[in-house]
Amino acid sequence: MVNLDLIATEQRNDRTAGIDEMTTAEMLRVINEEDMGVPQAVSRCLNDIAAVVDEVTARLRQGGHLYYLGAGTSGRLGILDASECPPTFGVEPDMVVGLIAGGDTAIRNAVEGAEDDREQGARDLQAHAVNERDAVIGIAASGRTPYVIGALEYAKSIGAYTAAVTMAPGAAIAEIAQRGIVCPVGGEVVTGSTRLKAGTATKLILNMISTGTMIKLGKVYGNLMVDVRATNEKLKARAVRIVKTATGCSDEAAKAALAEADGRAKNAILMIIAGISGAEAARRLTEVNGVLAAAINCGKE
């Protein structure tokens, strides 16, 4: 039996002890005030987050992959972050992968006991052929989830880079991983409900890891998502706007360049700035690993 008294995320929050007797407005004000402390807690972890971004970037540059693993809310947040990378940054779906205890069923429904299966974490990584070129980030607010522990131990044993995201000081997963991101956010508004402050902190941290990594991989030019995949009308309009913003060209010129570039905003921007064809733009970008600024500067030499 787990001793909840020893788990940081199970501690009672005295500030919300009477929340059930508050008016709706009072209740929401207290929740909002508790949430305000989350970004400050994350700010104290920036050095560790930066170290993880640098390591993950190095792995992905060498053809590796990033895997998030977690149970419950932690697993769902990893899947959410991973699933947003292809449309936002134009990467293949297997570059960033989210795994959850209990499998895909657990995304929408609780799978009883799944998080307690230590061996399944390793098996899930084995099923994806994780190797020494990859990065594995275990996510567990409590820091003790057996599924995550098993995955991190296996990943470490085969030479993959390992990191952990937790809200619990002294957490087991932070000790196992090569880098622990430990972000104490204090007792939850509803005791033990880590979908609240802990979940918010996790989302902020994963945002930083994936976004920071993609920026370093050249998926952003300035602050424009130049590798966006224009898969619907909104994103097609965004691609046109991105090309216009980056080049100062007309709406018609942006659309024409995008048509020649098969909808790739990064290629269209290079075509317009360098005055080159779509084929030449593709060649230059390939030579510089897709970094637009490098491709533009290459043409100036």
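Contact, in this talk, means heavy atoms within 4.5 Å. With that definition, take Thr166, which sits in strand S4. Leaving out residues up to four places away in sequence, Thr166 touches Ala140, Ala141, Ser142, Gly143, Ala171, Ile173, Ala174, Ile181, Val182 and Cys183.

Before going on, some housekeeping. The model is predicted, so local features need pLDDT of at least 70 and side-chain atom pairs count only at pLDDT 80 or more, while totals for chains, interfaces and linings use all residues. Residues are numbered from 1 along each chain as its sequence is written, and side-chain values use heavy atoms, with hydrogens and water left out. Helices (H or I, at least four residues) and strands (E, at least two) are DSSP runs, numbered from the N terminus.

Back to Thr166: is it buried or exposed? Its relative accessibility is 0%, so Thr166 counts as buried. Buried means under 20% relative accessible area and exposed means over 50%, with partly exposed in between (1.4 Å probe, protein chains only). A polar atom of the Thr166 side chain lies 3.2 Å from the backbone nitrogen of Ala168. A polar contact is a pair of N or O atoms within 3.5 Å; within protein, one must be able to donate a hydrogen and the other to accept it, and residues adjacent in sequence count only if both atoms are side-chain atoms.

Next, the sheet. Five strands form an open sheet in the order S2-S1-S3-S4-S5, with parallel pairing. S2 and strand S5 (179-182) are at the edges with a single partner strand each, so one side of each has no neighbour in the sheet. From one strand to the next, the twist averages 20°. Two strands pair if DSSP finds at least two bridges between them. S1 and S3 run parallel and are joined by five bridges; Tyr67 has Val136 in S3 as its bridge partner.

Helix H3 (residues 72-89) packs on the sheet and touches S1, S2 and S3, its direction making about 160° with that of S2. Helix H2 (residues 46-61) lies across S1, S3, S4 and S5, at about 135° to S5. For these angles, axes are lines fitted to C-alpha atoms, for helices over the stretch in contact, and angles run from 0 to 180 degrees between N-to-C directions.

Helix H6 (residues 146-157) has nine of its 12 residues buried, so H6 is largely enclosed by the rest of the structure. Among the buried ones are Tyr147, Ile149, Leu152 and Tyr154. The buried residues of H6 pack against strands S1, S2, S3 and S4 and helices H5 and H7. Just after H6, Gly159 has a positive phi of about 90°.

Helix H9 (residues 233-247) has these buried residues: Leu235, Ala239, Val240, Ile242 and Val243. Why do they line one face of the helix? Seen down the axis of H9, they fall within an arc of 160°, so they line one face. The arc is that of the directions from the helix axis to the C-beta atoms. On the other side of H9, Glu233, Lys234, Arg241 and Thr245 are exposed. Helix H10 (251-260) and helix H11 (265-274) are included in what covers the buried residues of H9. At the start of H9, a side-chain oxygen of Asn232 comes within 3.1 Å of the backbone nitrogen of Lys234. Gly248 follows H9, and its phi is positive, near 75°.
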